Amino acid sequence: MKKAIRYYSKFGHTRKMAAIVSEKVGVPAESIEKPITEHVDVLYFGSAIYAAVVDWRVKKYIKTLSPELVGRVVCFSSAAIIESNYPKVKALFEAQGITVDEREFTCRGSMGPLHAGHPNQQDHEDLARFIEEVD
């Protein structure tokens, strides 16, 4: 089964989370600047939400994907204000005809003093367990 990891990280939280996913699935974590050029069965996709909005770069990247390139997507993210960006990201992938796993991982992300220190060590351990379950 061919796997890939792509992420967008503005403040470094999602990059750190992607590194944990990489350790668990054994493929390198790459930013969304690197396109998917050949079919992958599973795309682990990491992004955060900024001011309750999916970043335009994430939207643009998802529009480059198709079911011919991606079998299914497993989402992981952090969020400070809203509970999860999963519904918004899922809708973007589904608009491209790509299947999104119903299981997703979201933890608190810090935004200034709000949820300071998150994602923390416990969040990282929870992410590692989640990846073991869905992989």
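**Figure 1. The order of elements along the chain.** From the N terminus on, the elements of this predicted model run β-α-β-β-α-β-α-β-α. That gives 4 helices and 5 strands in the chain. The chain has 135 residues, and 47% of them count as buried. If you like to think in contacts, take those with a separation of 6 or more: residues 24 or more positions apart account for 77% of them.

**Figure 2. The two sides of helix α3.** Helix α3 spans residues 86–95, and its buried residues are Y86, V89, K90 and F93. Because these four cover an arc of only 100 degrees around the axis, they sit on the same side of α3. Look at the face turned away from that buried side and you will find the exposed residues P87 and A95. Just after α3 comes G97, whose phi is positive, at about 85 degrees.

**Figure 3. A closer look at K90, a lysine of helix α3****.** Is K90 buried or exposed? With a relative accessible area of 15%, K90 is buried, because the cut-off for that label is under 20%. The side chain of K90 has a partner here: a polar contact of 2.9 Å joins it to the side chain of E102. Leaving aside residues up to four places away in sequence, K90 touches V100 and E102.

**Figure 4. E23 on helix α1.** Helix α1 covers residues 13–25, and E23 is part of it. E23 counts as exposed because its relative accessibility is 68%, and the label applies over 50%. Which distance separates E23 and I131 in space? From C-alpha to C-alpha, E23 and I131 are 9.9 Å apart, although 108 residues separate them in sequence.

**Figure 5. The second largest pocket and its lining.** This view turns to the second largest pocket, which holds about 170 Å³ of space. How many residues line the second largest pocket? The lining has 14 residues, and A4, R6, K34, I36 and V40 are the ones that lie nearest the centre of the pocket. Strand β1, residues 3–7, supplies the largest share of this lining, with 4 residues. Sorted by class, the lining of the second largest pocket is made of 7 nonpolar, 6 charged and 1 polar residues.

Methods:
Residues numbered from 1 in each chain as written. Predicted model: local features only at pLDDT ≥ 70, side-chain atom pairs only at ≥ 80, totals over all residues. Heavy atoms only, no water. Buried < 20%, exposed > 50% of the residue type's maximum accessible area, 1.4 Å probe, protein only. Arc of directions from axis to C-beta. Polar contact = N/O pair within 3.5 Å; in protein donor to acceptor, adjacent residues only side chain to side chain. Contact = heavy atoms within 4.5 Å. 1 Å grid on protein atoms, 1.4 Å probe; cavity = no way out; pocket = protein on both sides within 12 Å on 5 of 7 lines; lining within 4 Å. Points joined across faces, edges and corners; volume = space filled by probe spheres on them. Nonpolar A, V, L, I, M, F, W, Y, C, P; charged D, E, K, R; others polar.
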